[in-house]
Structure formats: C-alpha cells, structure tokens
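My entries are written in the order in which I looked.

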Amino acid sequence: MKILVSGGAGFIGSNLCTKLKEKDFEVIIVDDLSTGSEGNLIEGCDFYNLDLSKEDSYKKLPKNIDVVFHLASQVSSEMSFINPINDMKRNSLTTLLMLDWSLKSSVKNFLYTSSMGVYGSNPEGPSKETSHLSPTSFYGINKRASEEFIKIYSNKGLEYTIFRLFNVYGPGQDMSNLNQGMVSIYLEYILRNKPILVKGSLDRIRDYVFIEDVTNALMLGLQEKAKNKIYNVCSGQKTSVKELIDSILLALGKPLDYPINILPDTPNDIYQIWGNCDKLIDEFNWSPKFKLDKGLSKFIEALKI
C-alpha cells in the first residue's frame, strides 16, 4: 500500500511515519518544513518539499497513492490570532486543495487529523463526537471548515476518517516552540531554569494524550470499519494546568513551589475541555496506555537530560 503523509516531518507526522514503516508500508512524506524538521524525516521514505497551500504543488505529487494521512497544518490556536490569514491557508485551504487532488487522483482513503478546537469550551462534561461544535479560535474554525469540506467530498466518493486530537505530547515535540504544546512549553521553561510563564488561569482544564496512543489510534483509520466516521483521540481524563505543572515538576524531581508567572489569557482561549473516547474503545478495543505520569516519564527519558 502506498501512503502519503502530509506534515510527515512534524511531531505527530514523523511518529506516524515511523509506525507505518514498521508495518512495511510504502510511505511518501510531503512537508514544507515551515514547522517540521529535516531531522524528523524517517529513513526509507520518499520526501517532497512542497507547500500544499499552493495549487502548483499538487502537480509535483507522486501518482498511484492509495491512502492520504493529511496532518499538514498550522497547529497553534494562539498563532491563529496573530496571523489568521496564514491559519486559513495552512488549514482549511490546504485541506480543500488536498481533498480535490485526492479525489482526482483516485485516492482510496483520506485520513484527517482535526482538533478538540472544533468543540470550543465545554463546561458540562467530556466532549463526545456528537457534542455541539462551537470553535472559538480561527484555528478551531478552520479545522471545523476542513471537516465540512471532507463530508462534501465524501458525497463525491472519497472515503474518509476524521480524528479529533486533544492535547498531544511526547518525544519528538518541538521544545523550541513556546507558542504550542502546553507540556513541552512548561517542560522547556523548567529545563532552562526559568520561571514558568502561564497564559491564563491555572484552573483551566485540558486532556493530555501521549503520542504513542495517538499514532496507535491513527493506524486504525486503515481498517475498513473506520471509514466515514469521526473519532476523538484523547485520554478521557481532565487535568488542570496546575496539576500538569505539578506532575512535570515531580517527574523532574523539582520542588512544587517552583516559580510561576501568570500572564493574560490567550485570545478566546478554551477554559475547559476534555474528551470522551468511548467510540474508539467500543469499536476497536483501543485505549490510552499512558497515564500522564507514565507519559511524562517517557518523554523526559527521551530528552536524555
């Protein structure tokens, strides 16, 4: 099977490509390296350095692709407010162009990584795949638009699976990017021996899911019974920002009174959200294997500090 992974030089994409190669799939990586890294490219994968927000790039893609994993994206909610036009290009426009190319190229299956951002804040309880969608950021809006584009193309004959990812963390995450990824951001401040800068309340709730659990879930999209469905990929556990920071400090052997500076909220930040992953559990017997303490330990171990 010939599989194209857009965003395959990024954090999640490179981990997915590793797993695909372990299963002996033929893997083609497409990435413009704007946020991904050449160091993340997996040996044995063909690589195309292309900006998928530009129509001309699609003329250069290889033929006879069976499956597309579309991960290429601008992934920071905060950055979507700083440059909303770029977010639109890197998210909804790129998805639309990729869908059109996939349909015309007779791709058999289109697998898409959406986001918890499509839900917006949920004060009532865990978000299910059937929960109301009310995105509050340009990022979340563009992810929702991408999902709607996918449904339209499914009516034209393109089969799909949508995975709504929650807060993914783990080895391979870009530690230098202090605008995306709460776990890596707070961890990096501590490793630099600097006060932790927190944008917003310590009481905010998130759902942190380890990268290996995520890639295991994404691989399920290759199964027939996953077609034309939407799945949450999450831990199912709600964790406050304060609880996350305490867990990181404990994992590093640091005192719990480590200095924290509270800054103003990120614009339209989600205050509370965590997920329900019963659909993946019921249909595939998938379950998150890494609780937060175990995932943090494995992440820190991989950093070789």
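The entries below go from ring pairs to charges over rings and then to the nonpolar cores.

Entry one, ring pairs. I kept in mind that this is a predicted model, and I looked up the aromatic pairs, of which the structure holds six. For Tyr231 and Phe284 I found ring centres 5.7 Å apart and planes at 70°, so I noted this pair as edge-to-face, since planes over 60 degrees apart are counted that way. Tyr231 belongs to strand β11 (residues 229-233) and Phe284 to helix α8 (residues 278-284), so the pair ties together parts that are 53 residues apart in sequence.

Entry two, charges over rings. Returning to Tyr231, I found Lys279 over its face, at 5.1 Å from the ring centre. In a further case, the charged end of Lys294 sits over the ring of Phe290, 4.8 Å from the centre of that ring.

Which residues touch the most other members of the largest nonpolar core? Among its 65 residues, I wrote down Val5, Ile12, Leu20, Phe69 and Tyr186. Helix α5 (residues 182-191) gives the largest share of this core, seven residues. Apart from this core I found another, of 23 residues, which include Leu4, Leu61, Met98 and Trp101. Last, I followed Phe69, and leaving aside residues up to four places away in sequence, I listed its contacts, among them Ile3, Val5, Leu20, Leu111 and Leu222.

How values were computed:
Residues numbered from 1 in each chain as written. Predicted model: local features only at pLDDT ≥ 70, side-chain atom pairs only at ≥ 80, totals over all residues. Heavy atoms only, no water. Phe/Tyr/Trp six-rings, centres within 6.5 Å; stacked < 30°, edge-to-face > 60°. Helix = DSSP H or I, 4+ residues; strand = E, 2+ residues; numbered from the N terminus. Lys NZ or Arg CZ within 6 Å of the ring centre and 35° of its normal. Core = buried A, V, L, I, M, F, W, Y, C linked by side-chain atoms within 4.5 Å. Buried < 20%, exposed > 50% of the residue type's maximum accessible area, 1.4 Å probe, protein only. Contact = heavy atoms within 4.5 Å.
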